[in-house]
Amino acid sequence: MSETVLSMRGVTRDYAVGGAFRKKATLRALRGIDLTVDRGRTLGLVGESGCGKSTLARILLGIEDPTAGTVLVSGRPIQEYERLARARLIQPVFQDPYSSLNPRMSVEAIIGAPLKVRGEGTAASRRARVHEMAGEVGLPRHLVEAYPSQLSGGQRQRVAIARALIGEPEILICDEPTSALDVSVQSQILNLLHRLKQELNLTMILISHNLAVVHHLADEVAVMYLGQIVERGDADAIFERPCHPYSDALLKAVLPPRAGARLPELGLEAEFPSPVNPPSGCAFHPRCPKADALCTEVDPNPAGIDPVFRCHHPNNFGAAAHPTRAAG
Ligand SMILES: Nc1ncnc2c1ncn2[C@@H]1O[C@H](COP(=O)(O)OP(=O)(O)OP(=O)(O)O)[C@@H](O)[C@H]1O
């Protein structure tokens, strides 16, 4: 039986922009996000820069609150957990292991910090747990005494992963976990996350521009466009048979092979629209090769409860598309 760990309903996030010399306006970064993630599953969040991926992550990490909508973690509204409890539930692994680790703390102190803050165990038991965790993430024993400046990028990211996992969080949020690393190290970190996911039955949200990374790790994929999820489903199904024309364009784009690469040009006619003034009807219609009058006027799924794809003219793969759909 699957157990839902994370459930988002109608999550919206507005920012006030403008002022001083420019007209004040509302920028809607998230527009009614509906998502669920079950225990042990990895959800990949993909989409162009500015589609709202980081805003979603900030809401989950409690850095910001949604303007509207609900986020339930293990069935309870996220706002009901007090700060430490929330940190225990959801832990991040950020893109840049150079800036995310305190240079004045030893590796042992960094990895053990979440336990110390919560006052868990004795100094000796925490130390033992840190060594165990360091072994789990493949960090050589002697490096536990070292400082971040003495570590390589890959070793630092292992420390960040160990710190995130030591308190056994319900959800791990990995925001571009490999894109700041040398190409040669990226696959080691990916393989580590893959192994940990299986060994520890981790529930993960993986945010990445790099679709190869997402394909390697994710069980499910949510494709975001202008603050909405436009397609969601089984990762293999979406990678092989994308139904939404935007997912199709994303997947067909050739990824440049450098580390930290942003999404390349998608071969779409118009620019990414402004979230201050989103297009009418289907938000993707100005760039969509299939758009017609219906698309310019009618939002494909305005109620938006877990859309499998938000499109009037999806690619048609018949019953082969989205095997998860039949299961609801
Ligand atoms: N604090 C803020 N104030 C105003 N606008 C914001 C703020 N944070 C984000 N935005 C806007 O919200 C939209 C979504 O931004 P977000 O950073 O979530 O996108 P993203 O998909 O994570 O992009 P990237 O991949 O470049 O990080 C963008 O238009 C962005 O300019």
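**Reading helices, sheet and ligand shell**

Modeller: Helices α3 and α5 are roughly parallel to each other. Please keep in mind that this is a predicted model.

Colleague: At what angle do α3 and α5 pack, and how far apart are their axes?

Modeller: Helix α3 covers residues 107–117 and helix α5 covers residues 153–165. They pack at an angle of about 30°, with their axes 6 Å apart. Angles under 35 degrees count as roughly parallel, and the pair α3 and α5 is therefore described in that way.

Colleague: Which residues of α3 and α5 meet?

Modeller: On the α3 side they are Val107, Ile110, Ile111, Ala113 and Pro114. On the α5 side they are Val159, Ala162 and Arg163. Sorted by class, this contact has seven nonpolar residues, one charged residue and no polar ones.

Colleague: How should I read the sheet, and in what order do its strands lie?

Modeller: In general, strands of a sheet pair through backbone hydrogen bonds, in either a parallel or an antiparallel manner. Here four strands form an open sheet in the order β2-β1-β4-β5, and the pairing is antiparallel. The edge strands are β2 and β5 (76–77), each of which pairs on one side only. Strand β4 (residues 68–73) joins β5 in the antiparallel sense over two bridges. If you look for Val73, you will find that its bridge partner in β5 is Arg76.

Colleague: Which strands does α1 touch as it packs on the sheet?

Modeller: Helix α1 touches β1, β2 and β4, and its direction makes about 70° with that of β2.

Colleague: Is α1 mostly covered or mostly exposed?

Modeller: To judge this, one counts neighbours: a residue is buried if 20 or more other C-beta atoms lie within 10 Å of its own. By that test α1 is mostly covered, with six of its eight residues buried. These are Lys53, Thr55, Leu56, Ala57, Ile59 and Leu60. Just after α1, Gly62 takes a positive phi of about 80°.

Colleague: How many residues surround the ligand, and which are the closest?

Modeller: There are 13 residues around the ligand, and the closest are Tyr15, Ala29, Ser49, Ser54 and Thr55. Thr55 is also one of the buried residues of α1.

Colleague: Which element gives the most to the shell around the ligand?

Modeller: Helix α1 does, with three residues. At least two residues of the shell come from each of β1 (4–19), β2 (22–38) and α1 (53–60). By class, the shell has six nonpolar, six polar and one charged residues.

Methods:
Residues numbered from 1 in each chain as written. Predicted model: local features only at pLDDT ≥ 70, side-chain atom pairs only at ≥ 80, totals over all residues. Near = placed C-beta within 6 Å. Nonpolar A, V, L, I, M, F, W, Y, C, P; charged D, E, K, R; others polar. Pairing = 2+ DSSP bridges. Contact = placed C-beta atoms within 7 Å. Axes fitted to C-alpha atoms, helices over the stretch in contact; angles between N-to-C directions. Parallel < 35°, antiparallel > 145°, perpendicular 65-115°, else oblique. Buried ≥ 20, exposed ≤ 12 C-beta atoms within 10 Å, placed from the backbone.
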